[in-house]
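Biologist: I have a model open and want a quick tour. Can you walk me through it?

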Amino acid sequence: MISLIFLGTGGGRFATISQARATGGMYVHTESARMHIDPGPGALMRLRSCGIDPTKTRVLAITHCHPDHYADAEILIEAMTHGCKRKRGLIAASSSVLRGYGDIGPAVSKYHSSLAADCVLLEPAVSLEIDHIRLSALKTFHSDPTGIGLRLESPDGVISITGDTSLKEELYEEHRGCDVLIMSVTRPLKARIPYHLCTEDAAMLASSIKPKMSILTHFGMRLIKKGPASQASWIEKQTGIRTVAAWDGMPLLMRNGAPSVQKSVSRQLQDAKSLSVDLEE
Ligand SMILES: [Zn+2]
């Protein structure tokens with residue numbers, strides 16, 4: 001089984017500043033894999049409240065160099081490396097995050113990058129196999145031009161994550177063949193802005209990809225005020241595809257290619273009490 005917990009479902013400046021929705025990213029968990037994707041502000045606290053042990057993380061994946069996606073990265077690298085004492089884990093991120101691009105980034109210091117056992121620069125078409133998950137970088141069209149989306153292929157199914165992007169035809173090919181499509185939908189109906197998906201864009205992408213389930217996340221303030229569930233039900237009516245507006249703490253579970261969402265965090269993830277390392281200074 002693969003599970004993916006939404007540690008946060010907010011995005012964009014004002015939803016992040018106000019924490020109208022949390023911004024902790026997503027946490028992927030299988031029998032062998034522990035991967036934290038896009039740890040924005042409050043990610044560490046969200047792990048704590050969901051009962052997930054950050055010292056067990058083996059992969060930290062960051063899609064682009066905006067603070068709603070990377071703000072807690074360095075402290076989580078310190079957790080992943082057991083207080084900087086063990087060379088451990090993989091950082092997989094866009095070049096803006098690891099090296100900087102123009103006047104953006106880097107988001108992770110050279111010191112923190114050097115703590116991990118490995119660092120991989122993700123750009124479209126780069127793909128790696130880790131802990132029985134194939135992690136591939138996909139194209140995005142965002143204000144960070146080095147940003148990426150992600151595809152996770154596990155024996156239990158394929159999850160495609162748009163990352164922050166505007167809608168372009170090339171995305172239809174990038175996300176084809178997934179079981180679950182997770183879309184960063186920042187803006188509601190009739191409120192399109194550059195570099196992001198709005199509700200109409202999400203419906204167009206989903207109806208072309210035809211996943212078993214579409215999940216909306218990364219809600220901006222305007223969308224939160226309109227009600228994420230109403231945007232999801234509009235998309236579901238348009239596409240005929242089951243569409244869920246994620247909520248903070250929502251677990252997506254998938255077994256044999258069949259996705260489901262649950263009301264609460266799975267018990268098996270509540271391993272916070274099993275800290276196996278000495279984290280004292
Ligand atoms: Zn964002």
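Predicted model: local features only at pLDDT ≥ 70, side-chain atom pairs only at ≥ 80, totals over all residues.

Biologist: How many helices and strands does the protein have?

Modeller: There are 10 helices and 16 strands. These are DSSP runs numbered from the N terminus, with helices being H or I of at least four residues and strands E of at least two.

Biologist: What is the radius of gyration, and what would a compact globule have?

Modeller: The protein has 17 Å; a compact globule with 281 residues would have a value near 19 Å, so the two agree. The radius is taken over C-alpha atoms, and the globule rule is 2.2 Å times the number of residues to the power 0.38.

Biologist: On to the open sheet. What is the strand order?

Modeller: Eight strands run β6-β5-β4-β3-β2-β1-β15-β16, with mixed pairing. Strands pair if DSSP finds at least two bridges between them. The edge strands, β6 (118–121) and β16 (258–261), each pair on one side only.

Biologist: How do β4 and β5 pair?

Modeller: β4 (residues 59–62) and β5 (residues 90–93) pair in the parallel sense over four bridges. Leu60 has Ile91 in β5 as its bridge partner.

Biologist: Which strands does α4 lie across?

Modeller: Helix α4 (residues 73–80) lies across β3 (34–37), β4 and β5, at about 165° to β4. Axes are lines fitted to C-alpha atoms, for helices over the stretch in contact, and angles run from 0 to 180 degrees between N-to-C directions.

Biologist: Which residues of α4 are buried?

Modeller: Ala73, Leu76, Ile77, Ala79 and Met80. Buried means 20 or more other C-beta atoms within 10 Å of a residue's own, exposed means 12 or fewer, and partly exposed is in between; C-beta atoms are placed from the backbone.

Biologist: And the core?

Modeller: The largest nonpolar core has 77 residues; Leu60, Ile77 and Leu150 are among those with the most contacts inside it. A nonpolar core is a set of buried Ala, Val, Leu, Ile, Met, Phe, Trp, Tyr and Cys residues joined through C-beta atoms within 7 Å.

Biologist: What is Leu150 in contact with, beyond four places in sequence?

Modeller: Its partners include Ile37, Ala61, Leu135 and Ile161. Contact means C-beta atoms, placed from the backbone, within 7 Å.

Definitions and conventions:
Residues numbered from 1 in each chain as written. Contact = placed C-beta atoms within 7 Å.
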